[in-house]
Amino acid sequence: MDRIPLVHASLGEKELAAVAEVFSSGWPAGQGPQGKALEAQLVERYGVGDAVSLSNCGAALHLAMLALGVEPGDEVIVADYTFPAPAHAVRYVDAVPVFADVRADTGTVDPQAVESLIGPRTVGIIAVDTVGLPADYAELNAIADRHGLFVVEDAACSVGATYQGRQAGTLAPVACLSFHGRKGASSGEGGALLSADPVIGQDARLRSSFGIGSIFDQSQVVGLPIPEFTDIGYNYKMSDIAAAILRVQMGRIDELLVRRSAIAAQYGELLADEDLLTVPHVPEDRTHAWQSYMVTLDPRVDRAGLAAALRAQDIGCGHGTWATHVQPVYQSKRKCPVSADLFARNLAIPMHAELTEAQVERVVSVLRTELRTHARSR
Ligand SMILES: *Cc1c(COP(=O)(O)O)cnc(C)c1O
């Protein structure tokens with residue numbers, strides 16, 4: 001039987017050719033010609049003040065907290081229903097993540113929940129574009145302006161999505177992208193920080209390279225300049241190998257997204273009348289990047305049994321993403337019931353640019369049959 005994986009990174013000949021070029025250039029490390037060219041490409045595509053290529057999105061979130069001046073004991077409101085990287089980043093700087101519940105229909109952070117959590121120690125908000133769907137930035141930015149808070153967009157999953165005609169990655173003054181193998185554009189591992197204010201970008205770039213400037217740049221200078229360490233930085237640089245792959249991938253985003261959107265539309269049509277699940281809701285004012293396709297199962301469905309049955313028939317599936325506040329490392333006293341409910345009931349089904357129409361049909365047909373086997377009757 002045809003195995004249908006949950007995810008598949010679309011990396012091919014063009015990316016391989018780009019890697020071969022880096023090998024012959026002799027500079028595979030970070031902040032070299034490929035990294036700089038990628039940053040220029042990102043600045044151009046997004047129209048931002050600066051773009052910093054980094055080792056991953058977790059690093060970008062950490063550097064965002066540092067560049068924005070988050071101090072120990074500060075509170076940062078984070079979207080709860082997500083891969084928990086935003087809350088981790090808040091903890092890296094000894095600040096306190098405050099978990100905000102999400103909208104039941106979109107899984108994105110609920111602006112009213114955010115506003116209700118603002119207190120004297122709140123310094124900012126990290127919103128998440130949940131598995132590729134942008135959050136409510138008009139409301140979030142307005143709340144932040146009223147209270148003097150920063151907003152960071154975790155756009156890890158939303159490269160290619162739009163909100164009110166603007167691109168995900170530009171919806172807040174600082175955005176963090178991921179190029180992990182499970183995201184829409186990928187170099188295996190990778191990330192970027194985009195900022196409207198170039199000062200934030202410069203701060204992040206310096207801290208991403210142990211607190212000194214580009215070693216590649218210094219190697220090009222005549223004489224013997226000895227760079228000085230001005231900060232305790234980290235090594236969060238993206239290698240030029242990854243940057244070369246991403247320069248190709250950035251050029252393919254639209255083509256890959258056309259495929260994922262067509263697959264989402266096919267699922268939506270084939271599952272519209274299925275009363276044991278709900279298909280994703282995309283509000284009129286935004287578009288989805290479809291990093292994942294998550295359906296919400298009816299409470300009667302035994303998700304674990306259903307998932308095991310799908311996997312036994314070689315159809316990849318997963319729980320989707322996480323309710324952060326219930327993770328053992330957080331154990332928050334404040335609850336986010338909507339997020340907890342989505343964490344319990346969502347199911348991610350195969351979504352990637354290389355799925356065929358016939359494979360989508362098979363997923364839907366097996367899913368419909370197994371839903372009936374694994375649903376309790378009322
Ligand atoms: C994947 C993901 C991250 C982490 O990205 P890495 O590049 O793997 O560090 C952060 N936030 C969200 C919402 C994600 O989905």
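Is phenylalanine 216 buried or exposed? Phenylalanine 216 is buried, at a relative accessible area of 15% (buried is under 20%, exposed over 50%, partly exposed in between, with a 1.4 Å probe and protein chains only).

The model is predicted, so local features need pLDDT of at least 70 and side-chain atom pairs pLDDT 80 or more, while totals for chains, interfaces and linings use all residues. Residues are numbered from 1 along each chain as its sequence is written, and side-chain values use heavy atoms, leaving out hydrogens and water.

**View 1. Aromatic pairs, with tryptophan 27 and phenylalanine 216.** The whole structure holds seven aromatic pairs (Phe, Tyr or Trp rings, the six-membered one for Trp, with centres within 6.5 Å; planes under 30 degrees apart are stacked, over 60 edge-to-face, the rest tilted). The rings of tryptophan 27 and phenylalanine 216 have centres 5.1 Å apart and planes at 70°, so this pair is edge-to-face. Tryptophan 27 sits in the loop between α1 (13-25) and α2 (33-46), and phenylalanine 216 in helix α8 (residues 215-220), so the pair ties together parts 189 residues apart in sequence (helices are DSSP runs of H or I, at least four residues, and strands of E, at least two, numbered from the N terminus). Tryptophan 27 is partly exposed, at 22% relative accessibility.

**View 2. Tyrosine 234 and tyrosine 236.** Their ring centres are 5.1 Å apart and their planes at 10°, so the pair is stacked. Tyrosine 234 is partly exposed at 29%. Tyrosine 236 is buried at 17%.

**View 3. A cluster of rings.** Ring pairs join Tyr267, Trp290 and Tyr293.

**View 4. Arginine 45 over tyrosine 46.** Arginine 45 lies over the ring face, 5.6 Å from its centre (NZ of Lys or CZ of Arg within 6 Å of the centre and within 35 degrees of the ring normal).
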